[in-house]
Amino acid sequence: MLKIVEKVIERILWESRFMIFLAVIASVLAAFVLVLIGTYDIYIVIKDATHMFSSKEYFKEFHKEAIKNIVSAVDVYLIATVLLIFGLGLYELFISKIDPMEKDTKSSKILVVHTLDQLKEKLAKVILMVLIVTFFKYAIEFKYEDIKNLLFLSIGVFLIALSIYFMHKGHDHKENH
């Protein structure tokens with residue numbers, strides 16, 4: 001009797017992994033919505049570009065807004081990428097391997113995840129890119145009126161370069177072992 005109860009409990013625990021499917025669906029749907037939002041940002045730039053040469057003042061304003069919208073779109077696309085990698089990675093780790101993704105010879109293997117460490121590494125790289133783009137977005141909007149602001153900007157750029165260096169250094173270290 002105890003053995004039967006143990007088997008039932010183990011089966012229930014094993015099957016409970018399918019609740020992760022809700023996180024997979026939510027992540028993929030959220031990625032889709034973000035791609036639509038980013039695409040709308042680009043659409044606004046393209047639509048407003050038809051009037052960009054109407055006056056010099058409008059061109060300057062269009063230029064600022066276009067850069068802001070394009071950088072925002074890149075930021076949103078990167079976050080969508082994080083969600084897509086996360087969703088597909090969870091599916092591969094908890095539910096099942098995605099056979100077409102494993103067998104596809106034409107695409108990169110960025111979405112293929114076999115371990116939790118691989119998922120964390122891929123997410124960390126994309127999240128770092130999101131942070132860099134977000135920093136850039138705020139840096140172009142900021143008013144640099146004194147030397148202190150320029151110093152903070154240069155420190156931020158230095159820290160970004162340092163984080164990219166360490167990320168690649170860690171990748172090179174893994175390949176050598």
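Which residues does D75 touch, not counting residues up to four places away in sequence? In this predicted model, the answer is V130, V133, T134 and K137. The legends below begin with that site.

View 1. D75 is placed in helix α3, which covers residues 56–95. Its relative accessible area is 7%, under the 20% limit, so D75 counts as buried. Leaving out residues up to four places away in sequence, the contacts of D75 are with V130, V133, T134 and K137.

**View 2. The salt bridge between D75 and K137.** D75 and K137 form a salt bridge in which the closest N and O atoms are 3.6 Å apart. D75 belongs to helix α3 and K137 to helix α5 (residues 116–141), so this pair ties together parts that are 62 residues apart in sequence. Both partners are on the buried side of the 20% limit: D75 has a relative accessibility of 7%, and K137 has one of 16%. K137 is also one of the residues that D75 touches.

**View 3. K137 over the ring of Y138.** K137, the salt-bridge partner of D75, also lies over the face of Y138. The distance from the ring centre is 5.7 Å. Aromatic pairs are a separate matter: a search of the whole structure finds three of them.

**View 4. K68 and E65 within helix α3.** A salt bridge links K68 to E65, with 3.1 Å between the closest N and O atoms. Both residues lie in helix α3 and are three residues apart, about one turn of the helix. K68 is partly exposed because its relative accessible area is 27%. E65 also counts as partly exposed, because its relative accessibility is 32%.

**View 5. K120 and D117 within helix α5.** K120 forms a salt bridge with D117, and the closest N and O atoms are 3.5 Å apart. The two residues are three apart in helix α5, so about one helical turn separates them. K120 is exposed, and D117 is exposed too. A search of the whole structure finds seven salt bridges, including this one.

View 6. The patch is formed by L151, F152, I155, F158 and L159. Together these residues have about 510 Å² of accessible area. F158 is placed in helix α6, residues 147–176. F158 counts as exposed because its relative accessibility, 52%, is over the 50% limit.

**View 7. F142 in the loop between α5 and α6.** F142 is placed in the loop between α5 and α6. With a relative accessibility of 44%, F142 counts as partly exposed. The C-alpha atoms of F142 and L153 are separated by 9.7 Å, and the two residues are eleven apart along the chain.

**View 8. V112 in the loop between α4 and α5.** V112 lies in the loop that runs between α4 (99–103) and α5. V112 counts as buried because its relative accessibility is 8%. Along the chain V112 and K97 are 15 residues apart, and their C-alpha atoms are separated by 8.9 Å.

Methods: Residues numbered from 1 in each chain as written. Predicted model: local features only at pLDDT ≥ 70, side-chain atom pairs only at ≥ 80, totals over all residues. Heavy atoms only, no water. Helix = DSSP H or I, 4+ residues; strand = E, 2+ residues; numbered from the N terminus. Buried < 20%, exposed > 50% of the residue type's maximum accessible area, 1.4 Å probe, protein only. Contact = heavy atoms within 4.5 Å. Phe/Tyr/Trp six-rings, centres within 6.5 Å; stacked < 30°, edge-to-face > 60°. Lys NZ or Arg CZ within 6 Å of the ring centre and 35° of its normal. Patch = residues over 30% accessible without salt bridge, like charges linked within 9 Å, V, L, I, M, F, W, Y side chains within 5 Å. Areas by Shrake-Rupley, 256 points an atom, 1.4 Å probe, with all protein chains shown as cover. Salt bridge = Lys/Arg side-chain N within 4 Å of Asp/Glu carboxyl O.
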